[in-house]
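Please keep the sequence and the model in view while reading.

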Amino acid sequence: MRADDSDLLRLLRDGELSVEGRLYDASNATLYCTVALDGETVACVHKPIVGERPLWDFPDGTLAYREVSAYAVSVATGWDIVPPTVLREGPFGPGMCQLWIDVDETIDLGVLARSDIDALRRMAIFDAVVNNADRKGGHLLPTPEGHVFGCDHGVCFSVEDKLRTLLWRWRGKKLEPEFLQALQELRKNLDGPLCQELSALLSPAEVHATRRRVDRLIATGKYPQPSEDWPAVPWPPF
(Lines give C-alpha, C1' and ligand atoms only; values in the text may rest on other atoms or scores of the structure.)
Protein backbone atom coordinates (compact mmCIF):
# COMPACT_ATOMS: atom_id res chain seq x y z
CA MET A 1 0.00 0.00 0.00
CA ARG A 2 1.25 3.47 -0.79
CA ALA A 3 1.84 5.77 2.16
CA ASP A 4 -1.25 7.82 1.33
CA ASP A 5 -3.57 4.92 0.50
CA SER A 6 -4.82 4.45 4.06
CA ASP A 7 -6.17 8.00 4.14
CA LEU A 8 -7.69 7.60 0.68
CA LEU A 9 -9.35 4.33 1.67
CA ARG A 10 -10.88 5.95 4.74
CA LEU A 11 -12.12 8.83 2.62
CA LEU A 12 -13.62 6.49 0.03
CA ARG A 13 -15.19 4.24 2.66
CA ASP A 14 -16.50 6.79 5.17
CA GLY A 15 -16.93 10.02 3.24
CA GLU A 16 -20.22 11.50 2.08
CA LEU A 17 -20.87 10.15 -1.42
CA SER A 18 -22.54 12.50 -3.91
CA VAL A 19 -23.52 11.38 -7.40
CA GLU A 20 -22.46 13.90 -10.05
CA GLY A 21 -23.21 11.93 -13.24
CA ARG A 22 -23.15 8.60 -14.99
CA LEU A 23 -20.69 7.01 -17.44
CA TYR A 24 -23.08 5.85 -20.13
CA ASP A 25 -20.54 3.86 -22.17
CA ALA A 26 -20.06 1.37 -19.32
CA SER A 27 -21.81 -2.00 -19.52
CA ASN A 28 -22.80 -1.84 -15.84
CA ALA A 29 -24.18 1.11 -13.88
CA THR A 30 -21.13 3.31 -13.31
CA LEU A 31 -21.57 6.58 -11.45
CA TYR A 32 -19.16 9.51 -11.38
CA CYS A 33 -19.20 10.80 -7.80
CA THR A 34 -17.42 12.91 -5.26
CA VAL A 35 -16.72 11.80 -1.74
CA ALA A 36 -16.02 14.26 1.08
CA LEU A 37 -14.72 13.82 4.62
CA ASP A 38 -13.10 16.23 7.12
CA GLY A 39 -12.79 19.01 4.57
CA GLU A 40 -11.21 16.84 1.86
CA THR A 41 -13.01 15.93 -1.38
CA VAL A 42 -11.96 13.58 -4.17
CA ALA A 43 -13.64 12.27 -7.31
CA CYS A 44 -14.47 8.59 -7.53
CA VAL A 45 -16.33 5.93 -9.48
CA HIS A 46 -19.16 4.09 -7.74
CA LYS A 47 -20.64 0.88 -9.15
CA PRO A 48 -23.67 -0.26 -7.16
CA ILE A 49 -24.26 -4.00 -7.07
CA VAL A 50 -27.90 -3.45 -8.05
CA GLY A 51 -26.68 -2.03 -11.36
CA GLU A 52 -24.57 -5.05 -12.33
CA ARG A 53 -25.67 -6.70 -15.56
CA PRO A 54 -26.17 -10.48 -15.12
CA LEU A 55 -23.49 -12.59 -16.82
CA TRP A 56 -23.74 -16.22 -17.81
CA ASP A 57 -20.29 -17.12 -16.47
CA PHE A 58 -20.08 -15.13 -13.22
CA PRO A 59 -22.42 -15.36 -10.21
CA ASP A 60 -24.87 -12.47 -9.93
CA GLY A 61 -23.99 -9.66 -7.56
CA THR A 62 -20.28 -10.49 -7.27
CA LEU A 63 -18.55 -8.00 -9.59
CA ALA A 64 -17.97 -5.35 -6.92
CA TYR A 65 -16.28 -7.95 -4.71
CA ARG A 66 -13.99 -8.90 -7.59
CA GLU A 67 -13.03 -5.26 -8.11
CA VAL A 68 -12.01 -4.97 -4.47
CA SER A 69 -10.17 -8.30 -4.67
CA ALA A 70 -8.17 -7.01 -7.62
CA TYR A 71 -7.13 -4.01 -5.56
CA ALA A 72 -6.03 -6.32 -2.74
CA VAL A 73 -3.80 -8.29 -5.12
CA SER A 74 -2.45 -5.05 -6.59
CA VAL A 75 -1.45 -3.90 -3.11
CA ALA A 76 0.15 -7.27 -2.34
CA THR A 77 2.33 -7.13 -5.45
CA GLY A 78 3.42 -3.56 -4.71
CA TRP A 79 2.80 -2.68 -8.36
CA ASP A 80 0.09 -0.06 -7.76
CA ILE A 81 -1.97 -1.21 -10.73
CA VAL A 82 -5.49 -0.78 -9.35
CA PRO A 83 -6.56 2.58 -7.87
CA PRO A 84 -7.69 2.52 -4.21
CA THR A 85 -10.98 0.60 -4.11
CA VAL A 86 -13.44 -0.20 -1.31
CA LEU A 87 -16.87 -1.70 -0.71
CA ARG A 88 -19.36 0.74 0.74
CA GLU A 89 -22.98 1.80 0.91
CA GLY A 90 -24.19 4.32 -1.63
CA PRO A 91 -27.48 5.94 -2.62
CA PHE A 92 -28.47 2.75 -4.49
CA GLY A 93 -27.21 0.27 -1.94
CA PRO A 94 -23.81 -1.41 -1.55
CA GLY A 95 -21.20 -1.39 -4.27
CA MET A 96 -17.62 -0.68 -5.06
CA CYS A 97 -16.08 2.79 -4.85
CA GLN A 98 -12.78 3.55 -6.60
CA LEU A 99 -10.62 6.64 -6.75
CA TRP A 100 -11.08 8.53 -10.02
CA ILE A 101 -7.87 8.77 -12.06
CA ASP A 102 -7.26 11.82 -14.23
CA VAL A 103 -5.61 10.45 -17.37
CA ASP A 104 -3.22 12.06 -19.82
CA GLU A 105 -5.55 12.73 -22.74
CA THR A 106 -2.60 13.26 -25.11
CA ILE A 107 -1.61 9.57 -24.94
CA ASP A 108 -2.88 7.32 -27.73
CA LEU A 109 -4.16 4.19 -25.98
CA GLY A 110 -3.63 2.10 -29.11
CA VAL A 111 0.04 3.05 -29.16
CA LEU A 112 0.33 2.58 -25.41
CA ALA A 113 -1.20 -0.91 -25.52
CA ARG A 114 1.44 -2.00 -28.06
CA SER A 115 4.38 -0.47 -26.20
CA ASP A 116 7.12 -2.40 -24.41
CA ILE A 117 7.22 -0.79 -20.99
CA ASP A 118 7.55 -2.29 -17.51
CA ALA A 119 4.16 -0.92 -16.44
CA LEU A 120 2.42 -3.06 -19.06
CA ARG A 121 4.66 -6.07 -18.41
CA ARG A 122 3.57 -5.94 -14.77
CA MET A 123 -0.04 -5.53 -15.81
CA ALA A 124 0.17 -8.57 -18.12
CA ILE A 125 1.42 -10.66 -15.18
CA PHE A 126 -1.17 -9.17 -12.84
CA ASP A 127 -3.95 -10.03 -15.30
CA ALA A 128 -2.72 -13.62 -15.47
CA VAL A 129 -2.82 -13.81 -11.66
CA VAL A 130 -6.35 -12.44 -11.33
CA ASN A 131 -7.53 -14.18 -14.51
CA ASN A 132 -8.78 -10.97 -16.11
CA ALA A 133 -11.36 -11.77 -18.78
CA ASP A 134 -11.56 -8.21 -20.14
CA ARG A 135 -8.34 -6.18 -20.43
CA LYS A 136 -9.41 -3.69 -23.09
CA GLY A 137 -7.29 -0.77 -24.25
CA GLY A 138 -9.77 1.60 -22.66
CA HIS A 139 -9.05 0.01 -19.28
CA LEU A 140 -5.54 1.50 -19.32
CA LEU A 141 -5.30 4.74 -17.35
CA PRO A 142 -2.02 6.58 -18.12
CA THR A 143 -1.44 9.55 -15.85
CA PRO A 144 0.39 12.80 -16.63
CA GLU A 145 3.05 11.67 -14.13
CA GLY A 146 3.85 8.60 -16.25
CA HIS A 147 2.15 5.89 -14.19
CA VAL A 148 -0.31 3.47 -15.79
CA PHE A 149 -3.27 2.27 -13.74
CA GLY A 150 -5.79 -0.37 -14.79
CA CYS A 151 -9.53 -0.34 -14.14
CA ASP A 152 -12.66 -2.48 -14.61
CA HIS A 153 -11.74 -5.74 -12.87
CA GLY A 154 -15.27 -7.03 -12.31
CA VAL A 155 -14.78 -10.12 -14.48
CA CYS A 156 -11.71 -11.53 -12.76
CA PHE A 157 -10.97 -14.51 -10.49
CA SER A 158 -13.02 -17.13 -12.32
CA VAL A 159 -12.06 -20.70 -11.47
CA GLU A 160 -11.90 -21.46 -15.20
CA ASP A 161 -9.08 -19.94 -17.25
CA LYS A 162 -10.58 -16.86 -18.94
CA LEU A 163 -7.58 -14.59 -19.59
CA ARG A 164 -8.56 -12.22 -22.38
CA THR A 165 -6.36 -9.20 -22.98
CA LEU A 166 -4.60 -6.94 -25.45
CA LEU A 167 -1.32 -7.44 -23.59
CA TRP A 168 0.10 -10.51 -25.35
CA ARG A 169 3.33 -8.86 -26.53
CA TRP A 170 5.45 -10.93 -24.13
CA ARG A 171 3.58 -14.25 -24.43
CA GLY A 172 5.80 -17.22 -23.65
CA LYS A 173 8.84 -15.09 -22.87
CA LYS A 174 10.89 -15.54 -19.72
CA LEU A 175 9.80 -13.53 -16.71
CA GLU A 176 12.23 -10.91 -15.48
CA PRO A 177 13.88 -11.88 -12.14
CA GLU A 178 12.29 -8.98 -10.23
CA PHE A 179 8.83 -9.96 -11.47
CA LEU A 180 9.39 -13.61 -10.59
CA GLN A 181 10.49 -12.56 -7.11
CA ALA A 182 7.33 -10.47 -6.74
CA LEU A 183 5.25 -13.52 -7.66
CA GLN A 184 7.07 -15.63 -5.08
CA GLU A 185 6.32 -13.04 -2.40
CA LEU A 186 2.70 -12.89 -3.57
CA ARG A 187 2.43 -16.67 -3.26
CA LYS A 188 3.56 -16.48 0.37
CA ASN A 189 1.00 -13.76 0.98
CA LEU A 190 -1.71 -15.99 -0.49
CA ASP A 191 -1.14 -18.34 2.44
CA GLY A 192 -1.28 -15.43 4.88
CA PRO A 193 -3.05 -12.07 5.21
CA LEU A 194 -4.04 -11.85 1.55
CA CYS A 195 -5.79 -15.21 1.79
CA GLN A 196 -7.93 -13.91 4.64
CA GLU A 197 -8.76 -10.75 2.71
CA LEU A 198 -9.70 -12.57 -0.48
CA SER A 199 -11.67 -15.22 1.40
CA ALA A 200 -14.05 -12.52 2.59
CA LEU A 201 -14.69 -11.46 -1.01
CA LEU A 202 -14.39 -14.59 -3.19
CA SER A 203 -15.41 -18.23 -2.99
CA PRO A 204 -12.93 -20.78 -1.58
CA ALA A 205 -12.57 -22.29 -5.05
CA GLU A 206 -11.70 -18.89 -6.53
CA VAL A 207 -9.05 -18.23 -3.89
CA HIS A 208 -7.57 -21.68 -4.51
CA ALA A 209 -7.56 -21.06 -8.27
CA THR A 210 -5.65 -17.81 -7.69
CA ARG A 211 -2.96 -19.73 -5.81
CA ARG A 212 -2.85 -22.26 -8.63
CA ARG A 213 -2.33 -19.56 -11.27
CA VAL A 214 0.52 -18.02 -9.30
CA ASP A 215 2.08 -21.46 -8.84
CA ARG A 216 1.88 -22.03 -12.60
CA LEU A 217 3.55 -18.70 -13.40
CA ILE A 218 6.35 -19.44 -10.94
CA ALA A 219 6.81 -23.01 -12.21
CA THR A 220 7.02 -22.01 -15.88
CA GLY A 221 8.92 -18.77 -15.22
CA LYS A 222 7.24 -17.35 -18.31
CA TYR A 223 4.55 -14.91 -19.35
CA PRO A 224 1.23 -16.64 -20.08
CA GLN A 225 0.25 -17.96 -23.49
CA PRO A 226 -3.21 -17.46 -25.03
CA SER A 227 -5.65 -20.30 -24.46
CA GLU A 228 -6.73 -22.44 -27.38
CA ASP A 229 -10.19 -22.81 -25.80
CA TRP A 230 -11.02 -19.17 -25.01
CA PRO A 231 -10.91 -15.97 -27.11
CA ALA A 232 -7.55 -14.35 -26.47
CA VAL A 233 -8.57 -10.74 -27.14
CA PRO A 234 -11.66 -8.95 -25.75
CA TRP A 235 -14.26 -7.53 -28.14
CA PRO A 236 -14.35 -4.71 -28.80
CA PRO A 237 -10.65 -4.31 -27.96
CA PHE A 238 -11.16 -0.60 -27.10
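**Two helix pairs**

In helix α2, the residues Ala 70, Val 73 and Ser 74 meet Phe 126, Val 129 and Val 130 of helix α4. Sorted by class, this contact of α2 with α4 comprises five nonpolar residues and one polar residue, with no charged residues. The model in which these contacts are found is a predicted one.

Two packed helices are described by the angle between their axes and by the distance between those axes. For α2, which spans residues 63-77, and α4, which spans residues 118-130, the packing angle is about 130° and the axes lie 11 Å apart. An angle over 145 degrees would count as roughly antiparallel; α2 and α4 are therefore oblique to each other. The crossing in which α2 passes α4 is right-handed.

A second pair is formed by helix α5, residues 177-189, and helix α7, residues 204-220, whose axes come within 10 Å and cross at roughly 150°. How are α5 and α7 oriented to each other? With this crossing angle, α5 and α7 are therefore roughly antiparallel. The crossing of α5 and α7 is left-handed.

On the α5 side, the contact is made by Leu 180, Leu 183, Gln 184, Leu 186 and Arg 187. Arg 211, Val 214, Asp 215, Leu 217 and Ile 218 make the contact on the α7 side. By class, the residues of the contact of α5 with α7 divide into six nonpolar, one polar and three charged, whereas the contact of α2 with α4 has no charged residues.

Note on methods. Residues are numbered from 1 along each chain as its sequence is written. This is a predicted model: local features need pLDDT of at least 70, side-chain atom pairs count only at pLDDT 80 or more; totals for chains, interfaces and linings use all residues. Side-chain values use heavy atoms; hydrogens and water are left out. Axes are lines fitted to C-alpha atoms, for helices over the stretch in contact, and angles run from 0 to 180 degrees between N-to-C directions. Helices (H or I, at least four residues) and strands (E, at least two) are DSSP runs, numbered from the N terminus. Angles under 35 degrees count as roughly parallel, over 145 as roughly antiparallel, 65 to 115 as roughly perpendicular and the rest as oblique. A crossing is left-handed if the near helix is turned anticlockwise from the far one by less than a right angle, and right-handed if clockwise. Contact means heavy atoms within 4.5 Å. Ala, Val, Leu, Ile, Met, Phe, Trp, Tyr, Cys and Pro count as nonpolar, Asp, Glu, Lys and Arg as charged, and the others, Gly among them, as polar.
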